[in-house]
Amino acid sequence: MKRFLTATLSLTLLAATGSAFAAPPHHDDRDNRDRHDQRDDRNHGPSRGHDRHDPPRRGGHLDKDHRGAYVSDYKRHGLHAPKRGQQWRKVDDRYVLIAVATGLIADVVLNGR
């Protein structure tokens with residue numbers, strides 16, 4: 001009888017610890033990721049760049065083919081001097097300060113003021 005109880009108890013403990021070491025249940029978060037991607041598309045365009053319908057925002061990126069016109073006379077427009085590696089660009093009706101290498105938007109000024 002003692003062997004029977006020991007064997008039963010051992011099997012019960014093995015079954016309980018076996019499930020404790022099993023992988024945690026997988027939660028499918030595709031719906032959340034899809035909603036997040038759609039929000040990013042709305043803010044930054046289809047390729048995470050600037051969409052012509054949405055204004056550029058600080059912290060966003062401008063794609064190389066949507067970086068607007070280079071602004072060399074920034075003082076005339078009331079803009080501060082760009083730091084090394086940055087450029088002022090005119091995108092739509094805004095002046096956008098970007099990092100040249102990455103297109104990261106550091107500042108956005110409406111009509112140079």
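**Reading Arg-67 and its surroundings**

Me: Leaving aside its neighbours within four places in sequence, which residues is Arg-67 in contact with?

Reply: Contact here means heavy atoms within 4.5 Å. With neighbours within four places in sequence left aside, Arg-67 touches Leu-62, Arg-89, Val-91, Ile-98, Ala-99, Val-100, Thr-102 and Gly-103. Keep in mind that this is a predicted model.

Me: Where is Arg-67 found?

Reply: Arg-67 belongs to the loop between α2 and β1. His-61 is in that loop too, between α2 (30–44) and β1 (69–70).

Me: How do I place those elements in the whole protein, and what order do they run in?

Reply: Start with the count: the secondary structure consists of two helices and four strands. From the N terminus on, the order is α-α-β-β-β-β.

Me: What is the nearest side chain of opposite charge to Arg-67?

Reply: That is Asp-63, 6.9 Å away. A salt bridge needs a nitrogen of Lys or Arg within 4 Å of a carboxyl oxygen of Asp or Glu. Arg-67 has no salt bridge, although it is buried.

Me: Which backbone oxygen does the side chain of Arg-67 reach?

Reply: The backbone oxygen of Leu-62, at 3.2 Å. Leu-62 is also one of the residues in contact with Arg-67.

Me: How many salt bridges does the count come to?

Reply: Two. One joins Asp-73 and Arg-76, whose closest N and O atoms are 3.4 Å apart. In the other, the side chains of Asp-93 and Arg-94 meet at 3.0 Å, N to O.

Me: Why does Arg-76 count as exposed?

Reply: Exposed means over 50% relative accessible area. Arg-76 is exposed because its relative accessible area is 63%.

Me: Is His-77 buried or exposed?

Reply: The cut-off for buried is under 20% relative accessible area. His-77 has 16% relative accessibility, so it counts as buried. It sits in the loop between β1 and β2 (86–91). Its side chain makes a polar contact with the side chain of Tyr-95, at 2.9 Å.

Me: Is His-61 buried or partly exposed?

Reply: His-61 is partly exposed, because its relative accessibility is 35%.

Me: What share of contacts join residues at least 24 apart in sequence?

Reply: It is 33%, taken among contacts between residues at least 6 apart in sequence.

Me: And for the protein as a whole, what percentage of residues count as buried?

Reply: Of 113 residues, 22% are counted as buried. The protein exposes about 8700 Å², and 54% of that comes from carbon and sulfur atoms.

Me: Which residues form a nonpolar patch on the surface?

Reply: Met-1, Phe-4 and Leu-5 form one, with about 410 Å² of accessible area together. Met-1 lies in the segment before α1 (2–20). Met-1 counts as exposed because its relative accessibility is 74%.

Terms used
Residues are numbered from 1 along each chain as its sequence is written. This is a predicted model: local features need pLDDT of at least 70, side-chain atom pairs count only at pLDDT 80 or more; totals for chains, interfaces and linings use all residues. Side-chain values use heavy atoms; hydrogens and water are left out. Buried means under 20% relative accessible area, exposed over 50%, partly exposed in between (1.4 Å probe, protein chains only). Lys and Arg count as positive and Asp and Glu as negative; His and the chain ends are not counted. A polar contact is a pair of N or O atoms within 3.5 Å; within protein, one must be able to donate a hydrogen and the other to accept it, and residues adjacent in sequence count only if both atoms are side-chain atoms. Accessible areas come from the Shrake-Rupley method with a 1.4 Å probe; for residues, only the protein chains shown count as cover. Patches are made of residues with over 30% relative accessible area and no salt bridge: like charges are joined within 9 Å, nonpolar side chains (Val, Leu, Ile, Met, Phe, Trp, Tyr) within 5 Å.
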